[in-house]
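Student: Could you show me how to read a protein structure, one feature at a time?
Tutor: Gladly; let us look at one together.

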Amino acid sequence: MSTIFKSIDARPMPGSRSGPLAWLRVNLFFSAGSSLLSLGLLALGVWVLVASMDWAVLHAVFNANLQSCNELRGVGACWGVISEKGRLIVMGRYPEAEHWRPVIATALMLGVVVLSCMPRFWNKALPLLWGVMLAVYFVLMKGGFVGLTAVDTDQWGGFPLTVMLTVISMTLAFPLAIFVALGRRSSMPAIRTLCTLYVELIRGVPLITVLFMASFMLPLFMPEGVKIDVLLRVVVGITLFSAAYMAEVIRGGLQALPKGQTEAAATLGLSYWQVQRMIVLPQALATVVPSIMNTFIGLFKDTSLVTIVSLYELTGALGLALNSDADWRPFKIEAYLFITFIYFAFCFAMSRYSLWIEDRTAVSKVR
Amino acid sequence: MTSNATPLIEFKGVNKWYASNGYHVLRDVNLQFAKGEKVVICGPSGSGKSTLIRCINALEEYQEGTLTVDGTVLGDDLKGIDKVRREVGMVFQQFNLFPHLTVLENLILSPTWVAKMPRKEAIEKAMVQLERVRIVEHAHKYPLQLSGGQQQRVAIARALCLTPKIMLFDEPTSALDPEMIKEVLDVMIELTSQGMTMLCVTHEMGFAKAVADRVIFMDQGQVVEQAPPQQFFDSPQTDRAQDFLSKILGH
């Protein structure tokens with residue numbers, strides 16, 4: 001005779017583990033040592049907060065009053081420097097009367113970038129939209145026709161320049177990096193060697209050197225009369241630089257993919273490029289989203305190095321605005337905090353987006 | 001073997017070495033497979049049986065001899081490889097489904113991109129195959145949401161979507177929990193009644209006895225013995241096969 005199997009119903013885990021009190025106990029006060037550490041850190045936090053509030057708010061000067069700023073130097077912050085110099089910091093050397101142009105152009109560019117971040121807009125119209133956006137962008141920024149005064153590219157500056165360098169370099173570097181990563185795994189020795197050489201060469205050199213070479217050395221090798229715009233040279237420099245790093249990141253993702261995936265795709269009769277596009281890259285890129293975003297964020301901040309070739313993006317424009325003005329120069333810290341806020345806002349947005357897209361691409365991997 | 005018609009697959013003095021370490025993995029392989037034949041290939045691990053069937057759809061290349069699949073000699077000619085791959089379906093030990101695509105998308109990928117079939121038609125055909133492997137209700141799930149047995153059945157359906165002439169099975173049940181082996185074998189047994197040519201590397205001797213026309217026993221890259229299952233299991237001719245069978249049937 002056999003016994004009939006009876007299953008036991010599942011029930012919730014015992015003990016109340018929810019609510020703020022339980023959370024505190026589990027996370028902050030689970031032992032004498034941890035309680036001590038928690039309280040110590042809390043005290044430190046409060047002290048830092050009070051001290052900085054004292055400086056940043058209570059004794060701070062909020063209007064552009066140079067006299068009161070000077071009186072409270074070292075005691076309170078002088079936020080007036082932002083209303084006084086903010087415009088110059090954000091816009092750089094772009095002619096003041098034409099500031100509306102970079103504002104519209106940059107807003108347009110960021111708008112298209114935000115759209116491109118949303119998977120629901122990933123369709124055939126997107127490249128077209130980019131084309132239109134870039135055309136409008138450069139017409140607006142450069143001018144010279146349709147009644148707009150011409151503004152030379154070396155006059156572009158401040159935050160619009162930071163955005164433009166980042167967005168264009170990212171957009172160019174990403175596909176380039178994919179090709180280089182695939183190239184390094186190619187079965188053709190010539191392509192493999194070329195890609196390896198490129199990556200190793202670029203990685204062995206600091207970005208400043210690349211920019212310097214692009215800006216000062218390259219024209220020396222150009223034939224007489226051929227002049228490449230400084231902005232273009234810089235964009236190419238940054239693109240080549242980040243693409244090399246990103247290629248290695250992507251190669252890591254390619255390496256992580258089991259060989260069976262490409263074999264299965266090959267047995268289904270798919271061609272090399274079909275396999276890469278539909279099977280390999282979607283999975284490889286999804287695994288390296290955090291590292292790709294790392295490179296992007298790095299690139300965004302590295303644009304500040306273009307000061308070396310006399311282009312004044314956000315950080316450069318700050319120096320430009322304050323170094324030449326002895327009155328306001330002492331309040332550089334406040335100005336740096338201002339651009340810190342701008343950089344942080346954008347970097348933070350990028351990391352949040354990265355987390356979100358990671359989450360999205362992980363859906364299919366959940367068991 | 002006994003038929004006088006041209007064989008569908010023919011190995012003539014095939015030798016293969018692994019490029020990475022120079023290991024001589026296939027040694028003087030001479031084999032013929034007739035259309036509609038069901039063949040089980042067995043042997044100890046490292047005997048070259050997986051490599052043998054992987055040569056048939058050019059996942060592996062060989063250095064000596066000739067391998068002809070449905071009139072196409074497999075060599076360096078890429079066009080020939082494309083043609084052969086369309087006629088040969090393959091099922092792997094590790095399923096190798098594409099985890100970022102749903103079950104249905106896995107199935108219609110090749111019909112839409114390789115055979116250029118309209119999407120709607122591809123979906124209809126895919127659903128027929130899913131019905132066949134009894135997995136219709138999971139069509140819109142992702143592979144990793146399914147059990148191993150279900151995944152392997154999806155993999156079989158995916159290979160069938162190209163209506164191949166030849167199906168290769170590379171240890172299709174070796175990665176499965178014992179309880180799931182039967183559901184996959186059942187699907188494979190059902191396929192044998194459709195007249196398709198099947199080559200199966202497996203240690204499922206019950207399956208071999210039930211459906212195979214011929215059993216091939218390999219060791220150290222060589223074909224040691226081949227015979228109808230009854231004869232092979234009852235009276236193996238070589239000591240090596242006797243030893244192998246006593247080990248796998250002993251417990």
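The dialogue below takes up a few features of this structure in turn.

Tutor: This is a predicted model, in which local features need pLDDT of at least 70, side-chain atom pairs count only at pLDDT 80 or more, and totals for chains, interfaces and linings use all residues. Residues are numbered from 1 along each chain as its sequence is written, while chains are lettered from A and ligands numbered from 1 in the order in which they are written.

Student: How are two packed helices described?
Tutor: By the angle between their axes and the distance between the axes. Here, helix H4 (residues 80–91) and helix H14 (residues 314–323), both of chain A, have axes that come within 7 Å and cross at roughly 140°. Axes are lines fitted to C-alpha atoms, for helices over the stretch in contact, and angles run from 0 to 180 degrees between N-to-C directions. That makes H4(A) oblique to H14(A). Angles under 35 degrees count as roughly parallel, over 145 as roughly antiparallel, 65 to 115 as roughly perpendicular and the rest as oblique.

Student: Which residues make that contact?
Tutor: From H4(A) come Lys85(A), Leu88(A) and Ile89(A), and from H14(A) come Ala317(A), Leu318(A), Ala321(A) and Leu322(A). By class, this contact has 6 nonpolar, no polar and 1 charged residues. Ala, Val, Leu, Ile, Met, Phe, Trp, Tyr, Cys and Pro count as nonpolar, Asp, Glu, Lys and Arg as charged, and the others, Gly among them, as polar.

Student: Is Tyr198(A) buried, exposed or partly exposed?
Tutor: A residue is buried if 20 or more other C-beta atoms lie within 10 Å of its own, exposed if 12 or fewer, and partly exposed in between, with C-beta atoms placed from the backbone. Tyr198(A), found in helix H8 (residues 189–203) of chain A, has 18 such atoms within 10 Å and is partly exposed. Leaving aside neighbours within four places in sequence, Tyr198(A) is in contact with Val180(A) and Ala244(A).

Student: And what about helix H1 (residues 49–56) of chain B?
Tutor: In that helix, 8 of the 8 residues are buried, so it is largely enclosed by the rest of the structure. Just after H1(B), Ala58(B) takes a positive phi of about 60°.

Student: How do strands of a sheet pair?
Tutor: Through backbone hydrogen bonds, either parallel or antiparallel. Two strands pair if DSSP finds at least two bridges between them. In chain B, an open sheet of 6 strands has the order E6-E7-E8-E3-E9-E10, with mixed pairing. Strand E6 (88–91) and strand E10 (222–227) of chain B stand at the edges, each with a single partner strand, so one side of each has no neighbour in the sheet.

Student: Which way do E7(B) and E8(B) run?
Tutor: They run parallel, joined by 5 bridges, and Asp170(B) stands opposite Val201(B) in E8(B). By contrast, strand E1 (residues 9–17) and strand E2 (residues 24–33) of chain B run antiparallel, with 6 bridges.

Definitions and conventions. Helix = DSSP H or I, 4+ residues; strand = E, 2+ residues; numbered from the N terminus. Contact = placed C-beta atoms within 7 Å.
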